Amino acid sequence: MAGIVSRLAGELHIRQWQAENVVELIDAGNTIPFIARYRKEKTGEMDDQLLREFGERLARLRALEARADAARRQLGAQGALTDELSAAIGGAATLRDIDDICRPYRQKRRTRASEARERGLEPLAAALLSRAGEPRAGERRGGTAEELAAPHARGGAACEAGETGGGALSVAEALRGAMDIIAENVSDNAEYRKHIREYIYSTGSIVTKAAGKAGKGTAAGKAGRNEAAGNAGKSAAAGNAGGSEAAGEGAVAGAGRPAAGKDSVYRMYYDFREPIAKAAKHRVLAINRGEREGFLKVSLDYDASRLAGYLQERLIHPSQAGIACAGLGAVPGADSRSGAGRAPGAGLRSGGAARAGEAASSSAAAGSDSGAAAGAGRAPGAGAPPSSYVAVAAEDGLRRLMLPSIENELRAMLTEAASEQAIKVFAANLGSLLMSPPVRGNAVLGLDPAYRTGCKFAVIDAAGAVLETGVVYPTPPRSMAKEAEAVLCAAIDRHGVDLIAIGNGTASRETEIFVAALIKGRGGKCGRGGKSGRGAKTVRDTSGAGVEGGAYTAGPAGERTAQKTGGASGAGATCERTVRDDGGAIGENARGGENARGLRYMVTSEAGASVYSASKLGAEEFPDFDVSLRSAVSIARRLRDPLSELVKIDPKAIGVGQYQHDMDQKRLDAALAAVVEDCVNRVGVDLNSASPSLLSHVSGIGGALAKSICAYREANGPFADRQQLKKVPKLGRRAFEQCAGFLRIYGGANAFDSTQVHPESYRAAERLLEAMGYAPGDIGGGGGMPGIRERARELGEEALAERAGLGLPTMADIIGELRKPGRDPRDDLPQPALRSDVMDIKDIRAGMTFTGTVRNVADFGAFVDIGVHEAGLVHISQLGGKFVRHPTDAVSAGDVVCVRVLEVDAARGRISLSMKKENNLN
């Protein structure tokens with residue numbers, strides 16, 4: 001264990017005492033949010049992300065240690081464990097290293113080599129290897145290979161003639177059996193495997209070609225769906241090229257795809273090559289999927305002759321190298337490239353790359369022992385030295401057994417690394433989405449669009465309670481727009497609706513056009529906002545007619561200046577341009593929460609809404625509602641408070657990941673659950689209003705305890721203070737310690753209950769307030785204690801901490817909480833961009849600038865919603881003026897950014913955008 005702690009400290013660049021304390025805290029059952037927030041003195045203020053990484057690495061190192069112990073036990077049971085082997089196992093850095101070490105000793109299926117061993121030919125194989133490794137003079141002492149094999153042959157004259165049967169064994173058969181043993185031993189050698197694996201990885205390339213048969217396709221709703229764009233199955237242009245950067249950008253159609261070689265989302269891989277060591281992770285996943293769906297053939301390309309030479313150097317003495325292969329002729333498959341001489345598809349099929357035990361597509365390439373050995377049937381000629389037989393056997397072991405296996409391993413390594421990256425991107429997108437700022441103080445109308453079944457609507461109040469539901473038919477085939485307008489405007493006026501949330505699924509575009517016309521036709525008079533003075537507007541730019549979004553402020557006569565403050569890295573602090581005022585109102589993608597600016601709308605992702613509406617939770621929450629009406633409620637609530645609503649849905653159904661069906665689902669689930677937990681605890685939860693779904697993600701509380709808390713609340717009324725939690729059935733001391741600080745009670749008897757100050761620190765916090773001249777009652781004043789930080793500095797923070805009995809990090813947290821009690825970290829983020837008009841991709845021109853919202857981030861760029869239904873792609877090369885290693889370093893889902901249009905392909909629904917400062921108008 002001490003070794004693991006030291007290794008963790010070194011790998012994560014933390015001190016030994018930090019690593020020791022974190023291991024102790026994790027082993028004691030503390031959650032990561034609790035450790036990160038309330039044990040900063042012990043961790044040295046490690047944040048939740050570093051603690052998560054620490055916990056994951058700790059689990060892997062413990063698994064490695066457990067595997068090493070198991071390997072020692074297995075070798076010990078076989079009587080094969082030596083001090084040297086034990087030390088090698090102890091020094092292994094990965095599970096693969098341990099497998100390589102133990103490979104020669106593990107039980108195998110019946111092979112040609114095992115049959116040869118049963119025939120007693122292992123001593124002959126050892127003799128051949130020994131003589132091959134001696135100086136050339138040893139050949140004269142030892143004689144030919146046939147002379148070495150003669151004592152192992154049996155069966156008399158029949159054997160000498162090569163006519164064997166039953167237990168008979170000729171000299172030729174004895175040599176072939178010995179060669180099989182040598183080939184298998186070479187393949188199982190850990191040192192050789194490591195060298196060859198590293199050589200192929202560092203020098204080889206991954207090569208893809210169009211498959212020679214029709215693509216299999218993927219049924220709608222399966223893994224071929226669009227997961228990268230989050231964009232209704234549409235692909236976005238990649239950079240200036242306008243081509244698909246990754247196959248995951250677009251949906252693969254169902255059965256009946258065009259024959260391979262014709263246009264598909266995999267077309268960029270029909271003749272593609274990339275160094276293995278530099279293979280982009282998202283392209284690895286795209287290639288895997290294209291191969292699995294029958295569009296691509298994939299192989300690894302490297303110089304196999306060099307590897308054969310390496311084995312010869314290891315097995316044959318240099319003085320014999322010149323004669324070892326003399327007279328052997330061409331070795332089948334011995335071309336300098338690994339694929340030569342092998343059956344088509346000899347490389348590992350990526351669909352099985354990550355699946356242990358799955359065979360490769362060709363029996364010869366997969367190491368199938370039934371295939372002919374490289375040297376089988378054409379042993380060296382009579383009188384050949386042992387080194388010749390060793391050379392042929394080593395070549396056979398390399399090509400028949402080792403290379404297919406190592407190709408499997410390399411493809412699995414690439415897939416594992418790509419999956420880990422995809423999980424990280426998915427987690428980052430999910431975290432950004434969950435932390436999207438709520439739109440407070442607004443009644444919201446949610447619309448779930450559809451054609452035949454009509455557009456379902458639901459009105460919710462500022463607290464999320466449902467006020468009204470119904471169905472209207474503004475879209476074909478009924479096209480009852482006037483009737484729908486009357487119904488919706490009545491509901492809007494009746495409930496004082498300020499915002500409309502439109503789902504982005506089927507009929508979303510038509511519904512958006514209808515809503516924009518409704519707002520314009522009513523002059524913005526629907527709802528309590530009155531006439532909108534700052535809605536969006538059609539303007540003319542210098543490159544031609546177009547529609548422009550942005551916030552407009554008064555400028556010189558006849559002109560307005562479009563300006564939007566904020567944005568992600570690379571966009572600059574301000575995106576602005578001058579436009580001509582053609583008369584009429586100037587509009588804005590207005591910021592949420594500003595009710596006086598009239599009725600506005602936002603197209604909201606409805607990914608997962610149908611999952612929630614058909615779930616047991618949805619049925620429990622709204623037992624009297626139709627499934628489609630539950631979806632409308634979910635859409636409305638997502639705009640009001642994304643976190644509270646999205647926690648009700650499986651994160652994988654939210655639609656912000658890449659290739660999520662192609663990776664380890666258990667690992668993905670754990671990573672996403674950790675993100676949800678971190679977000680919920682960072683924000684905090686109102687104990688008296690939170691749903692069971694939200695409570696279940698609070699530190700120390702699971703699904704069962706969340707239901708118990710809600711049941712207790714229903715039976716006994718609102719919680720008066722945090723201590724009352726201890727009366728909830730099955731909520732023990734440990735659960736209370738973990739959850740109490742993240743549960744807030746507003747308007748209770750104890751002012752600290754509305755903050756993230758933990759109950760264990762209440763007394764210390766009271767002493768701290770007393771030392772600074774405050775009282776706990778001052779917390780509830782509404783404005784907090786804005787001067788408390790400065791007061792602490794005046795009095796001396798170290799002296800105050802000592803007087804209160806607090807560590808400096810905990811005291812700093814308490815002061816931060818008291819300065820702004822109950823502060824929601826989401827309020828510091830830019831509000832979502834809302835609109836009152838609608839734009840079409842046909843109105844977009846290269847050179848126009850927009851303020852948009854980042855909807856999704858992928859390995860190759862970010863998808864930005866600029867209000868034209870199809871999200872535009874900002875390729876990674878266009879994310880900023882400086883080098884961007886990964887898009888998540890520059891932007892996050894939910895960011896409001898300024899972009900310029902580079903290219904528009906209306907026919908394919910693709911928009912290429914740039915966030916480079918030099919590309920934006922100043």
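1. Helix H27 is followed by Gly 717, whose phi is positive, near 85 degrees. Helices here are DSSP runs of H or I of at least four residues, and strands are runs of E of at least two, numbered from the N terminus.

2. The model is predicted: local features need pLDDT of at least 70, side-chain atom pairs count only at pLDDT 80 or more, and totals for chains, interfaces and linings use all residues. Residues are numbered from 1 along each chain as its sequence is written, and side-chain values use heavy atoms, with hydrogens and water left out.

3. The 14 residues of H27 (703-716) should span 20 Å at 1.5 Å a residue, and the end C-alpha atoms are 20 Å apart, which agrees. The expected span is 1.5 Å times one less than the number of residues.

4. Among the buried residues of H27 are Leu 705, Ile 709 and Tyr 712; buried means under 20% relative accessible area (1.4 Å probe, protein chains only). Their cover includes helices H26 (692-695) and H28 (733-739).

5. An open sheet of mixed pairing consists of five strands in the order E6-E5-E4-E7-E13. Its edge strands, E6 (466-472) and E13 (600-604), each pair on one side only; pairing requires at least two DSSP bridges between two strands.

6. E7 (residues 497-503) and E13 run parallel and are joined by five bridges. Within this pair, Gly 503 has Thr 604 of E13 as its bridge partner.

7. Helix H19 (residues 481-495) packs on the sheet, touching E4, E5, E6 and E7, where contact means heavy atoms within 4.5 Å. The direction of H19 makes about 175 degrees with that of E6; axes are lines fitted to C-alpha atoms, for helices over the stretch in contact, and angles run from 0 to 180 degrees between N-to-C directions.

Terms used
Buried < 20%, exposed > 50% of the residue type's maximum accessible area, 1.4 Å probe, protein only.
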